Amino acid sequence: MGATVGDDHQADGMFSVTVTEKEVVAAVLPVQEHWLPLSNLDLLLPPLDVGVFFCYKRPPLTTTLTVTSSSPTTNSCNFRSMVGDLKKAMAQVLVSYYAFAGEVVANSVGEPELLCNNRGVDFFEAVADIELKELNLYNPDDSIEGKLVPRKKNGVLAAQATKLKCGGLVVACTFDHRIADAYSANMFLVSWAETAQSKPISLLPSFRRSLLNPRRPSCVDASLDSMYVPISTLSPPKEPAPGADHLVSRIYHVKADDINQLQSLASSKGNRRTKLESFSGFLWQLVAKYCALKHDDVAKNNRACTKISKMGIVVDGRTRLSSTVPEKGDDVMKAYFGNVLSIPYGGKTVRELIENPLSWVANEVHDFLENAVTKEHFLGLIDWVEARRPEPAVAKIYSGGGDNDGPAFVVSSGNGFPVSKVDFGWGVPLFGSYHFPWGGDAGYVMPMPNPAGNGDWVVYMHLLGGQLEFIETEASSFFTPLTCNYLLHASN
């Protein structure tokens with residue numbers, strides 16, 4: 001194909017990627033064409049694409065890898081053979097994960113539905129004129145976006161394998177968030193890797209939409225009206241002012257000892273807070289401090305410090321809803337493929353966030369989460385959507401804080417990101433991360449485990465450039481820009 005993207009100098013974190021081949025990979029077995037409705041929780045997602053990528057060091061010349069027989073054999077390991085095995089495994093795993101081989105289309109009332117027609121996955125092969133150790137992973141906007149993570153133009157899922165100058169490899173996917181949340185995508189990635197190594201799939205997906213049916217009669221808590229809104233009620237997006245700050249993506253690493261210390265600071269009077277609550281509270285305070293300093297309002301007691309800053313945390317409802325299927329317990333929801341998410345949020349004035357200790361802020365995080373980590377919350381949310389269909393709705397915080405409000409962002413725990421399990425036969429990734437510049441007005445942050453399994457975190461942050469610059473200065477000992485040298489050292 002010869003299509004090239006990116007031609008700036010590598011010293012600036014830029015490089016060129018040339019797509020050499022594109023193939024549509026469909027399920028190896030025929031799939032009976034059928035329609036799969038989206039659940040009410042799927043319908044809360046706007047059309048967003050999510051990226052995820054994995055970086056692998058140059059593999060040994062031979063490796064145990066095959067998907068063509070029941071007994072693994074020793075194969076030569078070069079880019080051509082690795083891509084061939086990735087495609088074969090993809091074709092096999094799509095038999096079970098047929099939703100990723102379909103297309104999203106509109107039904108008679110304009111709602112999105114999934115046409116399971118085995119349309120297939122666009123699979124790109126590419127080469128990049130850069131070595132793995134030179135990749136500027138700290139700035140994925142330059143090094144990852146549209147280069148190593150494919151832009152999905154058709155279907156539900158796109159994949160790309162990119163050969164690096166050093167013989168390393170980057171495997172990446174982009175998927176439609178309306179069809180899968182991160183938990184579902186993680187299931188697929190692990191199954192794809194298991195299939196590549198001729199292992200049985202450890203967790204087959206379930207598409208049993210009846211698990212998320214609305215109740216009769218419905219029962220909706222009024223608090224949901226403050227968390228979700230019909231899209232028609234949102235103000236149209238405004239053109240940014242010239243020179244206005246904008247959202248950018250950065251990746252940091254955080255040491256395990258610093259996370260533990262932060263948790264200790266956030267816990268008080270016998271109230272032990274989770275690492276996510278502690279981290280989220282700490283970040284909330286930093287964002288609030290920047291808001292105040294930006295307007296020089298720390299000592300003036302005026303407008304910026306009275307603004308309401310909002311922070312949401314993504315909650316997975318699978319464990320909460322498991323008791324709705326008592327005959328099978330946790331296993332059914334554990335295997336459920338689709339979106340089972342809610343985004344509760346809290347709002348506090350900038351002054352409250354910067355004047356109170358971290359333990360107070362962490363308690364506030366815990367309090368607004370408490371009501372959303374229940375089965376009743378998710379069942380009520382399903383009923384809330386049902387009462388408004390086909391009117392599309394969205395999480396309120398996705399649209400930001402509003403014209404008169406302070407900064408807003410969302411934290412999504414990537415604790416379950418199975419980076420060490422995405423081994424296609426040539427070793428575990430040196431690094432893996434989600435890449436999700438989600439298009440909303442609010443920021444988005446995802447902490448994930450380090451592939452080395454040493455307790456360190458890798459943190460993807462999509463915030464305003466000014467916020468990130470302040471965070472890097474104010475919390476320089478906590479957030480360290482990610483480098484390949486750190487990853488190489490941590491993996492040894």
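The model is a predicted one.

Start with strand β9, residues 121-128. This strand is mostly covered. Seven of its eight residues are buried. What pairs with β9? Strand β2, residues 17-25, pairs with β9 in the antiparallel sense. Eight bridges join β2 and β9. Find Glu21 to see one of these bridges: its partner in β9 is Glu125. Strand β10, residues 157-163, also pairs with β9. Here the sense is parallel, and there are six bridges. Ala126 shows the pattern, with Thr162 of β10 as its bridge partner. In a regular strand, side chains alternate between the two faces of the sheet.

Now turn to two helices. Two packed helices are described by the angle between their axes and by the distance between those axes. Helix α1 covers residues 79-96, and helix α3 covers residues 182-196. They pack at an angle of about 120°, and their axes are 8 Å apart. That angle makes α1 oblique to α3. The crossing of α1 past α3 is right-handed. Which residues make the contact? From α1 come Leu86, Ala89, Met90, Gln92, Val93 and Leu94. From α3 come Phe188, Ser191, Trp192, Thr195 and Ala196. Eight residues of this contact are nonpolar, three are polar and none is charged.

Next comes an open sheet of seven strands. Their order is β17-β14-β19-β21-β22-β13-β23, and the pairing is mixed. The edge strands are β17 (345-349) and β23 (480-481). Each of these pairs on one side only. Look inside the sheet at β19, residues 408-411, and β21, residues 443-449. These two strands pair in the parallel sense over three bridges. Val410 stands opposite Tyr444 of β21. A helix packs on this sheet too: α11, residues 358-370. Helix α11 touches β14 (308-313) and β17. The direction of α11 makes about 60° with that of β14.

Helix α11 has another partner, α6, which spans residues 275-294. The two helices pack at about 115°, with their axes 8 Å apart. Their crossing is right-handed. On the α6 side, the residues are Glu277, Ser278, Gly281, Phe282, Trp284 and Gln285. They meet Leu358, Val361, Ala362, Val365, His366, Phe368 and Leu369 of α11. What kinds of residue make up this contact? Eight are nonpolar, four are polar and one is charged.

Note on methods:
Residues numbered from 1 in each chain as written. Predicted model: local features only at pLDDT ≥ 70, side-chain atom pairs only at ≥ 80, totals over all residues. Heavy atoms only, no water. Axes fitted to C-alpha atoms, helices over the stretch in contact; angles between N-to-C directions. Helix = DSSP H or I, 4+ residues; strand = E, 2+ residues; numbered from the N terminus. Parallel < 35°, antiparallel > 145°, perpendicular 65-115°, else oblique. Left-handed = near helix turned anticlockwise from the far one by under 90°. Contact = heavy atoms within 4.5 Å. Nonpolar A, V, L, I, M, F, W, Y, C, P; charged D, E, K, R; others polar. Buried < 20%, exposed > 50% of the residue type's maximum accessible area, 1.4 Å probe, protein only. Pairing = 2+ DSSP bridges.
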